[in-house]
Amino acid sequence: AHRIYYTPGSGLVTKLPMGNGEMVLGLAAYQPFDVNIEWQLFEPLNAYNDSSFGLYPTNQFKNNLDVVAFQFTAAKTTADQKFGYGLGIQLLRADLVYNDVVFRDHPIGELADRPSEHIPEFVSVDGSGWGFGVRAGMMYKFNKGTLAITAAVPFDITVKGTANLN
C-alpha cells in the first residue's frame, strides 16, 4: 500500500514600507516531505496452539516519515521593482514510524525443516525530532519575463525515540 497525502499549507504575509523598496514579511507552516509505504512481505506461521496469533505485525515493512516546516521569511525589492531577494529560516519537525523484518539463520542450521530454516526478527522504531533549514531566492524582471532562482540548504534532523526487536 503506497499512500500520498495532499496536506494543506498556510501562511501569513504582510508588506512594510522600508526605504525605497518594500519589505515583505511572511510566516508559513507547510509539509515539505511525506512518505507512507506499507508492505506485507509474508504471513508468519502460527504456533500449533495459536499462541502466536496477533503477536506479529500484518505489515512487516512500514516507513512513515512526515516533516513539517514552520518558516519565517523576509523579502525586499529594489525601488524600481525589477530585482527582489528573500531569505527564509525554517524550524523543522520530523516524525518517523519504521518497521522491518530480518530473517536470521536458524541456530541448528541446515537441519531445520523448511520453512523454519530462518527465524523472522521484527524491528519497530517510533521517533521524532527537530531541525533547521534555510531557503533563499532572487527574482529579476526583464521586459518579456522574469528569472527566478531559489536555493535550499538542508540540515540534518536528529530523530530520537524507541526501537524494539522481537
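This is a dialogue about reading the features of one predicted protein model.

Colleague: Before we look at features, what should I know about the model and its numbering?

Modeller: This is a predicted model, where local features need pLDDT of at least 70, side-chain atom pairs count only at pLDDT 80 or more, and totals for chains, interfaces and linings use all residues. Residues are numbered from 1 along each chain as its sequence is written, and side-chain values use heavy atoms, with hydrogens and water left out.

Colleague: Thanks! How many helices and strands does the protein chain have?

Modeller: Start with the terms: helices (H or I, at least four residues) and strands (E, at least two) are DSSP runs, numbered from the N terminus. Here the count is 0 helices and 8 strands. Reading along the sequence therefore gives β-β-β-β-β-β-β-β.

Colleague: Which strands pair with S6, and in what sense?

Modeller: Two strands pair if DSSP finds at least two bridges between them. Strand S6 (residues 118-142) pairs with strand S7 (residues 145-153) in the antiparallel sense, over 9 bridges. These two form a hairpin with 2 residues between them, and Ala136 stands opposite Ala151 in S7. S6 is also joined to S8 by 6 bridges, again running antiparallel. In that pairing, Val125 stands opposite Ala163 in S8.

Colleague: How should I picture side chains along a strand?

Modeller: In a regular strand, side chains alternate between the two faces of the sheet.

Colleague: Is S8 largely buried or in the open?

Modeller: Buried means under 20% relative accessible area, exposed means over 50%, and partly exposed is in between (1.4 Å probe, protein chains only). Of the 6 residues of S8, the number buried is 0, so S8 lies largely in the open. For the protein chain as a whole, buried residues make up 17% of the 166 residues.

Colleague: What share of contacts joins residues at least 24 apart?

Modeller: Among contacts between residues at least 6 apart in sequence, that share is 64% in the protein chain.

Colleague: How many salt bridges are there, and which residues form them?

Modeller: The general idea is that side chains of opposite charge can pair when their charged atoms come close. A salt bridge is a side-chain nitrogen of Lys or Arg within 4 Å of a carboxyl oxygen of Asp or Glu. The whole structure has 3 of them. In one, the side chains of Glu38 and Lys62 meet at 3.9 Å, N to O. Glu38 lies in strand S3 (residues 21-39) and Lys62 in strand S4 (residues 61-77), so this pair ties together parts that are 24 residues apart in sequence. Glu38 is buried, with a relative accessible area of 17%, while Lys62 is partly exposed at 23%.

Another joins Arg104 to Glu121 (2.9 Å, N to O). This pair links distant parts of the chain, with Arg104 in strand S5 and Glu121 in strand S6, 17 residues apart. Arg104 is partly exposed at 41% relative accessibility, and Glu121 is partly exposed at 23%. There is also Asp95 with Arg93 (3.0 Å, N to O).

Colleague: Is Gln90 buried or exposed, and what does its side chain meet?

Modeller: Gln90 lies in strand S5 and counts as buried, at 7% relative accessibility. A polar contact is a pair of N or O atoms within 3.5 Å; within protein, one must be able to donate a hydrogen and the other to accept it, and residues adjacent in sequence count only if both atoms are side-chain atoms. The Gln90 side chain makes such a contact with the side chain of Tyr30, at 2.6 Å. Leaving aside neighbours within four places in sequence, the contacts of Gln90 include Ala69, Phe70, Gly131 and Phe132.

Colleague: Last one: which residues make the nonpolar surface patch?

Modeller: Patches are made of residues with over 30% relative accessible area and no salt bridge: like charges are joined within 9 Å, nonpolar side chains (Val, Leu, Ile, Met, Phe, Trp, Tyr) within 5 Å. Accessible areas come from the Shrake-Rupley method with a 1.4 Å probe; for residues, only the protein chains shown count as cover. Here, Phe70, Leu91, Trp130, Phe132, Val153 and Phe155 make a nonpolar patch of about 610 Å². Leu91 is found in strand S5 (residues 83-105) and is partly exposed, at 34% relative accessibility.

Note on methods:
Contact means heavy atoms within 4.5 Å.
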